[in-house]
Amino acid sequence: MPASRRAVPAADPAPGMPIARSGRAQLMQFAAHPDDDLYFMNPDTQRMLDAGVPLVSVYVTAGEHTGVNRVAGMPAASPDKAAYSSARHQGLRQAYAEAIGLDRFATWRRDVVTLRGGRQAEIDTLAHNGRRVELIFLNLPMHTPRRYMALPALWRDRALELPTHVSAGSPVRRSQTYDHGRLVDVLVGLLERYRPTVVQTLDPDPDIQLSDEATRKRDSEQPGYSDHGDHTAVACFSWAALVRWVADSARDGAPIPAFAATAFRGYYNRHWPKNLPPQVLREKAGHLVPYGGDPSWECGNPSGCGDYGVGGDRPLTNKKGWVRATHHRWPGRGPAVHAQPDGRLVAHGVLGLRAVRWRETERGSGLWGEPEDLGGGPLAPELGSAVLPDGRVLLVGIRFAALGGHGGPNRREVVLLEQRSPGGPFRAWRGLGNPERGDDRGRRIGVPVAVTAPDGRVHLFVRDAGKGVSTRVRAADGTWSRWRPLAGDAEVQDGLTALVDGAGRVHVLAAGRESVAHWIDGVPAGPLAGAGDPVAAVPAPRGTDGGADGVVVYRRAPASPELLSSTGADLSFDGYGGVTAAGDGRSPVLLGKDLRGRIQLRGAGRLHTRTQGTAAVGGTALLLGPDGPTAVGLGADARPWLWRPERGARS
């Protein structure tokens, strides 16, 4: 094989780089096929559009597949890849026209954009009432001439070159050629052109899924993994571009781009309980109706008015159930927030693939200073944290130790950042390895969560490749044990919850398919009845067990908006997505999203809803203090926001 044309940027954990000042919010998302965003990234994308965040959506393949636009109950038409690709693009225009409040047949401006290396792509633009959408079609093929899947082959193969498709009616009139390096260059160029503050991708590291060949083909999954091969390849290209964008900025002495990244699970949705309640599901599925279109529509596109096999009620009747859930690849509970010795709040998170620290300008001000770079990159989007008995903070993350493609290594590792003194600087980053042997299994690990026990030990947990939980423990003297799996055969989802109860015991809980898995001090405690996604917990009041052996557990049943408690209490906290709980089971404070995606908080018998401030991205942290409950999250403008319900939103 020929040598790689360009060295892959290495991990750059050193801190102290300047961080760019983020301007207005800008969302950019990368999809393999037309419809990936509608199936897997909504309702998140729609929530940001509703908040006025402009969207640039990049589609890497032409979506041409076999060239047959199937109509239910009708004989299959003759294959026409150019026409089918065009019809799917028209479906996207219809879907996003409705998404920003226009008629589905609104007129878009269709142009040609010149990319890095002189390549061209179609760019379609539509704006309405302060909302703006740009769709960019790179049009790489889905298959090679030998019928191999083209994008996975391009990710692996140093020598492969792929000619693009020309969609019928496109302003781009000629085919162009891409290899691995040129595709990464083009994606980096788009990132540099738009400088997004939020980047959404598909899942670069899908779960291991062992199915027989007939089941695998029926589920449209790649061999051995719970997703389409194109999704994984395009996600890897997208993250490689993000890594290179940051590395190029550092090399050139420019500030590190300020952006938050989020990855979404794909066909994973098929294998786990569905987590969208009916109200949210109807909205999400409704965006696929104009995309699917109908052959009777008069949309003005001779090649077709959508992807007919997805039209009507078919997303809801499809047994694969992709539309019925939305899962983040690295689910978390927002920035790691703590109070400094001087009373000011400090928040730690990931910005530009690097760990950063924001400090409150004054105690109780609710205003944040500029981000301070702590290095560590390139990191996955969520950090775990723990506070030592002396007040020092530990941060734990997942580093992309290698993401080379074209035959190179693809490796993840758990990394640690330990504070030297309370509120002060940090030591150098340290690797904690990986609970899995081998790079392939090591890519499947989840977000680290950590908790400090009364004896000063820090218990670290991650979901492992076997869909169980593995742990490593830091002794009070700072030494670490080896990784070991927790006993039990339960398969769980990511998004672990760890806490210490009133007796000083360490609990870890995780959502399974039919129940909530539960361990106490590393020993299985028996599953809790009923599936739940997400799961949150607080210590039970003294003298009770809360129905869960020392903790009170909160969960949502599959496809339900209702939040349930292990005590049977009526919570009146309908919504969807992640939930955070604090306090104790007698007077808990709950934080999550309502059915419209707005942040809501319940405490002391009152329900508060955040209605002002920038759109929230990812999870939200909850801190109880002398000023009452405080919620902290990252906004679509890549800046942290703080909300104290009694005092209003600050940013």
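Helices (H or I, at least four residues) and strands (E, at least two) are DSSP runs, numbered from the N terminus. This is a predicted model, in which local features need pLDDT of at least 70, side-chain atom pairs count only at pLDDT 80 or more, and totals for chains, interfaces and linings use all residues. Residues are numbered from 1 along each chain as its sequence is written, and side-chain values use heavy atoms, with hydrogens and water left out.

**View A. R195 has a positive phi in the loop between α5 and β8.**
The phi of R195 is about 45 degrees, although R195 is not a glycine. Strand β8 covers 198-202. R195 is partly exposed, with a relative accessible area of 35%. (Buried means under 20% relative accessible area, exposed over 50%, partly exposed in between, with a 1.4 Å probe and protein chains only.)

**View B. D521 also has a positive phi.**
Here phi is about 50 degrees, and D521 is not a glycine. The residue sits in the loop between β24 (515-520) and β25 (523-524). D521 counts as partly exposed at 45% relative accessibility.

**View C. A salt bridge joins R131 and D50.**
The N to O distance is 3.7 Å. (A salt bridge is a side-chain nitrogen of Lys or Arg within 4 Å of a carboxyl oxygen of Asp or Glu.) R131 lies in strand β5 (residues 131-140) and D50 in helix α2 (residues 44-50), so the pair ties together parts that are 81 residues apart in sequence. R131 is partly exposed at 22%. D50 is partly exposed at 36%. The structure holds 47 salt bridges.

**View D. D185 and R244 form a salt bridge.**
Their side chains meet at 4.0 Å, N to O. D185 belongs to helix α5 (residues 180-194) and R244 to helix α7, so parts 59 residues apart in sequence are tied together. D185 is partly exposed, with a relative accessible area of 22%. R244 is buried, at 8%.

**View E. D248 is in helix α7.**
This helix spans residues 229-251. D248 counts as buried at 16% relative accessibility.

**View F. Salt bridges link five residues in a network: D203, D207, R265, R329 and R463.**
Another salt bridge brings together the side chains of R457 and D455, at 3.1 Å, N to O. R457 is partly exposed at 36%. D455 is partly exposed at 46%.

**View G. Four strands form an open sheet.**
The order is β18-β19-β20-β21, and the pairing is antiparallel. β18 (449-452) and β21 (484-485) stand at the edges, each with a single partner strand, so one side of each has no neighbour in the sheet. (Two strands pair if DSSP finds at least two bridges between them.) Two bridges join β20 (residues 469-474) to β21. T471 has R484 in β21 as its bridge partner.

P43 is in the loop between α1 (36-41) and α2. P378 is in the loop between β13 (372-375) and β14 (384-387).
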